[in-house]
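Okay, thanks for coming, everyone. Let me put the structure up and we'll walk through a few of its aromatic rings.

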Amino acid sequence: MGEPRELSASVRSLLMKGTVIPAHPLALNQDRKLDERRQRALTRYYLASGAGGIAVAVHSTQFEIREPDIGLLEPVLRLAAEEVDAAGLNRPLIKVAGICGPTDQALREAELAVKYNYDLGLVSTGGLGDWTEAQLLKRAQAITDIIPVFGFYLQPAVGGKPLSYSFWRELAEIPGVKAIKMAPFNRYQTLDVVRAVCMSSRKDEIVLYTGNDDNIVADLLTTYRFEEDGRSFEKGIAGGLLGHWAVWTRTAVELFGEIMALREQGAPIPAELLQRGAQITDTNAALFDPSHGFHGCIPGIHEVLRRQGLLEGRWCLNPEEELSAGQLEEIDRVYRLYPHLNDDAFVKAHLEEWLNT
């Protein structure tokens, strides 16, 4: 292998500053086949909402896209990349590709991501529960020879595995690791990652993103401080790469703008913003279905997009993947309670354009 690929200066600057990166869903028709028109419309929605990036072929895009008889990994990567190119943006946009599987598969997926000019690979540990941490580190190192890596603490409920402080400490020392998405949905494990990066020699080279859809606002507002050997280390979470931000994205971008302004000014955190954070967590519970082990997570996202007209239905590749009992009523409840969180008016104003361009 040659020298590892590097991020462009504009993408690296945006990544380090922090931005909104929605996890891109998969648009299917009633036959559970790719609905290309609506897949493209989703990408257009995220770009028009002001998102600073998109993450494709990740959990929200459904891991089954990789199955040989489905074969949708390359099409979804290509469609999103084509829409980004067609948009002719005069601003940087971070393209993140999900990377899964044992090392050989992961390297093939990394090569595919590079083919479509993705900037980073979000490296999942899903399905590798029996791998040692040493094996996972060796795999990550190999992937960095092909594409810069976005590390990923995937919550065990959807296929991840608990990982030690030492794992994150060693991962942080790999030069090709540029960012880490923390999504264990667990305060203790999130702290492990932040502390490990703070104590690494690459503290200022690695940027942290929240994937904790249950704690978005608090994660983005918190500066972590650790003491060691008489020295103080501080680090914050710059942005978010979130399945929750696949819906109501325009409002998420506005929220992130508020948080960025507070951080830059060093202003006190308004109580109202913390209250809104709790409302977002309540909404996430309705969408992600934690009361049933997150079974209805992807259909919950699809249901909101269906209501807005971006998707035709909430079909998933796996016919067994549907809303859980009572989940529809929960989505109704949060829609009713928190109308200020949705971006329905924005979508309605642009839907025809996104679907028909």
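So, which residues form one aromatic cluster? They are Tyr45, Tyr46, Phe346 and Trp354. Before going on: this is a predicted model, where local features need pLDDT of at least 70, side-chain atom pairs count only at pLDDT 80 or more, and totals for chains, interfaces and linings use all residues. Residues are numbered from 1 along each chain as its sequence is written, and side-chain values use heavy atoms, with hydrogens and water left out.

Rings of Phe, Tyr and Trp (its six-membered ring) pair if their centres lie within 6.5 Å; planes under 30 degrees apart are stacked, over 60 edge-to-face, and the rest tilted. Searching the whole structure gives 9 aromatic pairs. One of them is tyrosine 45 with tyrosine 46, a tilted pair with 5.1 Å between centres and 40° between planes. Both tyrosine 45 and tyrosine 46 are buried, meaning under 20% relative accessible area, where over 50% is exposed and in between is partly exposed (1.4 Å probe, protein chains only).

Another pair is tryptophan 245 and phenylalanine 256: edge-to-face, 6.4 Å centre to centre, 75° between the planes. Tryptophan 245 is buried at 2% relative accessible area, and phenylalanine 256 is buried too, at 6%.
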